[in-house]
Amino acid sequence: MIDPALTQLMRMLMWAAVRQGWRLVKKPSGAFFTLFMLAMVSFGLMPTVVMALSDQKQPSSIIAELLGSAIPVLMYAAAAMMVVTDSGKAMLELKPAELQFVLAGPFTNSQILSYRLLTFGIGWLPLSFFFSVFLLPHFGSLLGGFLGIALGGAFITMIAFQYTLVRSRISPTLLRAIRWSVGASLALIATEVAHQVLRSPDVYSVEMISRAINDGWAARALTLPFRPFVLLIESAIGMEWLGGLLMSVALVSGITVSCYRTNGGFSELAVEGVARRQKKLERIRGGNVYAMSTRQAERSRSLPAFGWWGGVGPVAWSQVTSAIRRTGRLVPGMILIGMVAAIAAAVLLPQFPDTIPDPARTYAVPLALAASAYVGFLVSITAQSGFSANRRLLTWYQTLPIRPMAIATGMVTGTATVLLAIECAFCLPALVVSSLTMVQSLSVVFAGASFSLAFASMTNFISAVTGLRPMPSGTPDVFQGARALIFMMILGLSMTPILLFAVGSAAIAGVLVGFSWTFCSITAGLAMLAGLPAMWWYSGIRFVDSEFLGD
């Protein structure tokens, strides 16, 4: 199925990646963050292992129960988004050096596809084992959790691969119809769940929301292929578990065989992917960083310039304008939709006061902030602004006659602008429907804005200190997905102390002056902002003193 020369190439690439990682670990900063990450992971896994080995059944959290009940829907949503965004095209690409080796040899399309799938499996299996150990208390068994995650992730990825392999044989009209149908199915599931939650006579609870997610006919029909993987994860080892394993293996094997039967143009897809990468690099070297069309580049735009502000102004102006141009119509469109939703809520809510239940109105602003944080996270990791940008683009900032503190402060503004704009879009209708007073609602919004600024600062801090990126640039390799997940893990672990300090400060303020939305939210927001100047100072110094060797 795979030529020995390709397996030798895999071994050489893995050894090269290990040597590169060892060189980073030998540096003082790399050793410190390696020890920090290992310590935090150990502390995170310790309660999991204790709970798994304990004889008593530990109660699951509300979030864990909700996620457990929604696993089939989440898996379908992940597969649908990979089809809509055509993610399989990037995942099937080869590095230019790999492509030259592969095309020079007498390899068939099946052997090249086998090589790409094996490189994906080498990176995915260790991550599946880590996730299965971390979530062991919520699984039926360690083996079942590992196989369920590994096979489920492989099934979702193979769906994206299959769509990419057959798209060249389908007309553009049919491709648009497929993408629109997949997007409409996600909207149908969301509408169905929202309708059942709002119209349910039961009190809000985990069981009621779980029923709303799983009992809809659209959710049951569309998520049917993903339920064997959930059965494998949640069941103890036995006949039911064996049945889920057999069905899961059959699904993965079936779609894999289908990919091999339709891989006639795989070599052309690999060449096309490298051509896209080279075209992008040429465009960046020519100064057209954000892929503006010629018509857009010729049209002059009057953008207000910022003041000097001790050197912060020029960097902030560059980051804000770049973030606005990179995201395009996304952020203005979301703000416009938020304004329309706020106006509609202000007009319709007095006429239909019982449409939204009281608990939902009370927590409307916090829920809007949570949703905006999730969407902002997805947008910010793809925008790659600040210190997370391409390293070749950052060398310009190192030549500026500006203090490191000013550079780091200005670098935060791009990501923070996008996050705050998304927060504004989500909070506009929430402020209208909220049953809290305006002062209470605005204090909660202030806490959310402080979190957005802390999140943007931490993203820049990790990129400046460790050299990692949320979305690694360059053509995908064996460990690229692992590097992105390591960044996410470090980001989550680094944000934990900030959030704990904010919660603790809010609790102390509640004890001293009384528990209220206003005092607790303002105290939590100020606590999250307290350590940011020190973070900017250190990240600026590390950025200026660093040497970029290129991607």
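Before clicking anything, a convention: buried means under 20% relative accessible area, exposed means over 50%, and partly exposed is in between, using a 1.4 Å probe and protein chains only. What you have open is a predicted model, where local features need pLDDT of at least 70, side-chain atom pairs count only at pLDDT 80 or more, and totals for chains, interfaces and linings use all residues. Residues are numbered from 1 along each chain as its sequence is written, and side-chain values use heavy atoms, with hydrogens and water left out.

**Stop one: Ile-2.** Select Ile-2, in the segment before helix H1 (4-26); helices here are DSSP runs of H or I, at least four residues, numbered from the N terminus. Ile-2 is partly exposed because its relative accessible area is 24%. Now show its contacts (heavy atoms within 4.5 Å). Beyond neighbours within four places in sequence, you'll find Thr-7, Met-10, Gln-111, Ser-114, Tyr-115 and Leu-118.

**Stop two: the cysteines.** How many disulfides does the structure hold? It holds 0, a disulfide being a pair of cysteine sulfur atoms within 2.5 Å. Pick Cys-427, which is in no disulfide: the nearest cysteine sulfur belongs to Cys-424, 7.6 Å away. Cys-427 counts as buried because its relative accessible area is 3%. Jump to Cys-520, also buried, at 16%.

**Stop three: Ser-441.** Finish in helix H22 (residues 438-466), where Ser-441 sits. At 1% relative accessibility, Ser-441 is buried. Leaving out residues up to four places away in sequence, Ser-441 touches Val-365, Leu-431, Ser-434 and Leu-436.

Terms used. Helix = DSSP H or I, 4+ residues; strand = E, 2+ residues; numbered from the N terminus.
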